Amino acid sequence: MNYILAVSIESQVYRTPNLEFRLNNRLLDIMDLTENYSSEIQSIKKQDIYKLWGLEPDKSCIRSDGSPTMVDALHSEKWMYFEIDEKYLNDKNSFTVTGKDFHTNYNNGFFSKMDKYKILDVLFLPKKFFMNIRTIFEYCTNKNILADFMWSTEQRPLGLGNGWPMYPALRTSGLTTKRLPIQKLSKDMLDEVIFNDNIWINTDREISIIWDDRLELFRLRNLVPNLENDRPYGIDTDHILLSDFQKYCMENHRKETVEFDEIVVPQPNKNLQPKLNVNAETTYLTIHAPAIILLDKFLKNKYIYED
C-alpha cells in the first residue's frame with residue numbers, strides 16, 4: 001500500500017535557503033526556497049463541511065442569531081507531496097524537516113532581512129483515502145471502529161488530540177468561532193496565539209509515524225498535551241475502547257471543566273456507518289473534520305495535476 005505525506009509551508013526568501021525532508025534518515029527531497037509562500041486563515045461554513053462528508057447540515061451549523069456557524073481552516077499556498085511505499089516504513093518512524101543555508105543581512109548587531117520558513121499542516125494517509133477520504137468510515141466499520149469527526153470545539157477539553165489524519169498547525173483548526181464570515185484574524189497577532197506550540201519561525205520539525213494494530217494502517221502519532229502538567233504524550237486510538245470513553249476523558253482533561261455524567265459517549269452516525277454494531281470490543285477514532293476541506297479544495301486536484 002502507498003501513502004501520501006503532504007506538508008504545507010510558509011516562507012519569506014532573502015537568499016537561497018532550502019528544506020531537507022527525510023524519513024528514517026532516508027532523504028526524500030531537498031526543496032530550494034526561491035520565492036515567498038503565504039498562508040491565510042479561512043472561515044469555512046460548517047454546513048459546507050457537512051455536505052463534503054455527505055451529510056445534511058444539522059442545527060449546530062446555524063448560530064442563535066441565524067448566521068452560519070464558521071470553522072477555522074488554514075490555507076497554505078505551498079504544499080510538498082511524497083508518495084511512500086509501506087515497505088519503507090517500520091513500526092515506528094521519524095519524518096523530519098530541516099532548514100539549511102538560512103541567512104540574514106546581519107551587520108554590527110543589527111539585521112533587517114532574513115530567510116524565514118514555517119512548517120505548517122502535515123497530513124498522512126493511505127493514497128486510497130487521499131483520493132476519497134469518505135471511505136474511511138466503511139473501512140472503520142469493517143474493523144469494528146467507531147469513526148467520529150467530533151469537532152475540535154468539543155474534543156479539545158476531553159483530551160482527544162487532533163484526530164486522524166493530520167497535525168494541524170492552526171491552534172483553532174476545527175474550532176467553531178463567533179466570528180462572522182467577513183471577519184479575519186489580525187495579521188499582527190503573535191504566532192503563539194495563532195499556531196500550536198511547535199510552530200515557530202525557522203524551527204525544524206520531527207513527526208512520528210506509527211503502525212496502528214487496530215486500524216491495520218500507518219498513521220501520524222496523535223500527540224496531545226497533558227492538560228494537567230503540559231507534558232506531551234501519545235494517544236493510541238487503537239487502544240481506546242468505546243466502553244471506556246468517559247473514563248478515558250476524565251483522566252486526560254482539565255478536571256474542572258467537565259463532570260463524568262456530562263461526557264456523552266459517541267454513537268455511530270447512521271449515514272456514515274449504518275452497519276456498525278457497537279459491542280464490548282468497539283474502539284474509537286477521532287476524525288479531524290476540516291481535513292476534508294484541505295483535500296477537496298486545495299490538495300487532491302493539485303496532487304493529481306502535478307503527478
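Buried here means under 20% relative accessible area, exposed means over 50%, and partly exposed lies in between, using a 1.4 Å probe and protein chains only. You're looking at a predicted model, where local features need pLDDT of at least 70, side-chain atom pairs count only at pLDDT 80 or more, and totals for chains, interfaces and linings use all residues. Residues are numbered from 1 along each chain as its sequence is written, and side-chain values use heavy atoms, with hydrogens and water left out.

**Stop 1: strand E9.** Select residues 145-148, which make up E9. Strands (E, at least two residues) and helices (H or I, at least four) are DSSP runs numbered from the N terminus. Ile145 and Ala147 point one way, Leu146 and Asp148 the other, and all are buried. Two strands count as paired if DSSP finds at least two bridges between them. Pick Ala147 and you'll find its bridge partner in E16, Leu285.

**Stop 2: the open sheet.** Next, bring up E6, E1, E8 and E10, which in that order form an open, antiparallel sheet of 4 strands. E6 (78-85) and E10 (166-167) are the edge strands, each pairing on one side only. Zoom in on E8, residues 116-126. Since 10 of its 11 residues are buried, E8 is largely enclosed by the rest of the structure. On one side, E1 (residues 2-12) pairs with E8 over 9 bridges; E10 pairs with E8 over 2 bridges. Click Val122: Val7 has it as bridge partner in E8, and Val122 also stands opposite Tyr167 in E10. For Leu123, the E10 partner is Met166.

**Stop 3: Asn18.** Select Asn18, in strand E2 (residues 18-23). Is Asn18 buried or exposed? At 10% relative accessibility, Asn18 counts as buried. Its side chain makes a polar contact of 3.3 Å with that of Asp101. A polar contact is a pair of N or O atoms within 3.5 Å; within protein, one must be able to donate a hydrogen and the other to accept it, and residues adjacent in sequence count only if both atoms are side-chain atoms. Beyond four places in sequence, Asn18 is in contact (heavy atoms within 4.5 Å) with residues including Ile30, Leu33, Thr98 and Phe102.

**Stop 4: the cores.** Finally, show Trp53, Phe95 and Ile287: of the 64 residues in the largest nonpolar core, these touch the most other members. Such a core is a set of buried Ala, Val, Leu, Ile, Met, Phe, Trp, Tyr and Cys residues joined through side-chain atoms within 4.5 Å. Apart from it lies another core, of 9 residues, among them Ile240 and Phe245.
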